[in-house]
Amino acid sequence: MAELSVQKIAFAFLFFSLMVTNDAAADFYRNAEITWGDGRGKILDSGKTLALSLDRYSGSGFQSRNEFLFGRFDVQLKLVPGNSAGTVTTFFLSSQGANHDEIDFEFLGNSSGQPYTVHTNVFAQGKGNKEQQFRLWFDPTSNFHTYSIVWNPQRIIFLVDEFPIRVFKNHQAIGIPFPNSQAMRVYSSLWNADDWATQGGRVKTDWNLAPFVASYRNLNINACTPGQCGADSFKTGAWQTQELDALGRNRLRWVQKNFMIYNYCTDVKRFPQGIPVECKMPRF
């Protein structure tokens, strides 16, 4: 039975990879624009791939051409290989302004042979402080892997290769802000954060190894633009009501048991007056 389950999972990964690769929407020329880096970001392979680079003078970044209010956002990413200490590679959604909303994937580099840290956070109305961090169960620098954000009115789901690693539910009914009113763009960047990114800033970026390069491909956006989420053409998107089924819940438990390294919900020193209210609610 275990062997059969592994085969099913492998087949699911293969199917998902083929589905993403063959989607005609995965075109960086059409869906994104490089916004900073003075030439350090480059769209390659007729729009199929985008490379961001970082040197001692600047990093680089891109954003989606459109804003969205709810959707599913997938990208395949190959992180900076080797000694990536001090670097941060990102894939996130954000609105603008002091009271902005934001949904974060950040990948904190590390010294050769040490694992990346996957940092997640959710901001609503300018307030974040909802960090969860993970290791990965594979080498994210040797091949492309798929990172996904599902954002609907009920919940936010973070996924890695279709494995959910985190769910943040809408608990506005008990006074917890949730990002559901501000349109957001997709952003990605590669930048230097050696004052905090690796072992709390103790390990600095080795500029002798620059340029550092992270590669993106197959940016797929299945989402509503503002004002369109109620249109009939958008009612068939599975992401609009997506939640975890039994398999998804089991996968989330496995990830959080074996690979979660920080959870704000269990940081009693940080919250001496008691953990945040949402942490007491069911996680699914």
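Residues 24 or more positions apart supply 68% of the protein's contacts (heavy atoms within 4.5 Å) that have a separation of 6 or more. The model is predicted: local features need pLDDT of at least 70, side-chain atom pairs count only at pLDDT 80 or more, and totals for chains, interfaces and linings use all residues. Residues are numbered from 1 along each chain as its sequence is written, and side-chain values use heavy atoms, with hydrogens and water left out.

**Overall make-up**

- The protein has three helices and 15 strands. Both are DSSP runs numbered from the N terminus: helices are H or I with at least four residues, strands are E with at least two.
- Of its 284 residues, 51% count as buried. Buried means under 20% relative accessible area, exposed means over 50%, and partly exposed lies in between (1.4 Å probe, protein chains only).

**Eight-stranded sheet**

- Eight strands form an open antiparallel sheet in the order S1-S4-S13-S6-S7-S8-S9-S15. Two strands pair if DSSP finds at least two bridges between them.
- Strand S1 (32-36) and strand S15 (260-263) stand at the edges. Each has a single partner strand, so one side of each is left without a neighbour in the sheet.
- The twist averages 15 degrees from one strand to the next. Axes are lines fitted to C-alpha atoms, for helices over the stretch in contact, and angles run from 0 to 180 degrees between N-to-C directions.
- Strand S6 (residues 87-94) runs antiparallel to strand S13 (residues 185-192), and eight bridges join them. Leu-93 has Val-186 of S13 as its bridge partner.

**Seven-stranded sheet**

- Seven strands form an open antiparallel sheet in the order S2-S3-S14-S5-S10-S11-S12.
- Strand S2 (42-44) and strand S12 (163-169) are the edge strands. Each has a single partner strand, so one side of each lacks a neighbour in the sheet.
- The twist here averages 20 degrees from one strand to the next.
- Seven bridges join strand S5 (residues 71-78) to strand S10 (residues 145-151), and the two run antiparallel. Gln-76 has Thr-146 of S10 as its bridge partner.

- Six of the six residues of strand S11 (residues 155-160) are buried, so the strand is largely enclosed by the rest of the structure.
- Arg-155, Ile-157 and Leu-159 point one way from S11. Ile-156, Phe-158 and Val-160 point the other way, and all are buried.
- S10 and S11 pair in the antiparallel sense over five bridges. They form a hairpin with three residues between them. Ser-148 has Leu-159 of S11 as its bridge partner.
- S11 and S12 run antiparallel and are joined by six bridges. Arg-155 stands opposite Lys-169 in S12.
- The hairpin of S11 and S12 has two residues between the strands. In this hairpin, Asp-161 takes a positive phi near 50 degrees.

**Aromatic rings**

- The whole structure contains 19 aromatic pairs. Rings of Phe, Tyr and Trp (its six-membered ring) pair if their centres lie within 6.5 Å; planes under 30 degrees apart count as stacked, over 60 as edge-to-face and the rest as tilted.
- The rings of Phe-70 and Trp-151 have centres 5.0 Å apart and planes at 55 degrees, so the pair is tilted.
- Phe-70 lies in the loop between strand S4 (60-64) and S5, and Trp-151 lies in strand S10, so the pair ties together parts that are 81 residues apart in sequence.
- Phe-70 counts as buried at 10% relative accessibility, and Trp-151 counts as buried at 0%.
- Ring pairs link Phe-91, Phe-105, Phe-107, Tyr-147 and Phe-158 into a cluster.
- Arg-251 lies over the face of Phe-163, at 4.3 Å from the ring centre. A charge sits over a ring if NZ of Lys or CZ of Arg is within 6 Å of the ring centre and within 35 degrees of the ring normal.

**Leu-136**

- Leu-136 is in the loop between strand S9 (132-134) and S10. At 13% relative accessibility, Leu-136 counts as buried.
- Leu-136 touches Val-118, Tyr-147, Val-160 and Phe-259, not counting residues up to four places away in sequence.
- Leu-136 and Phe-259 are 123 residues apart in sequence, yet 6.7 Å apart in space, C-alpha to C-alpha.
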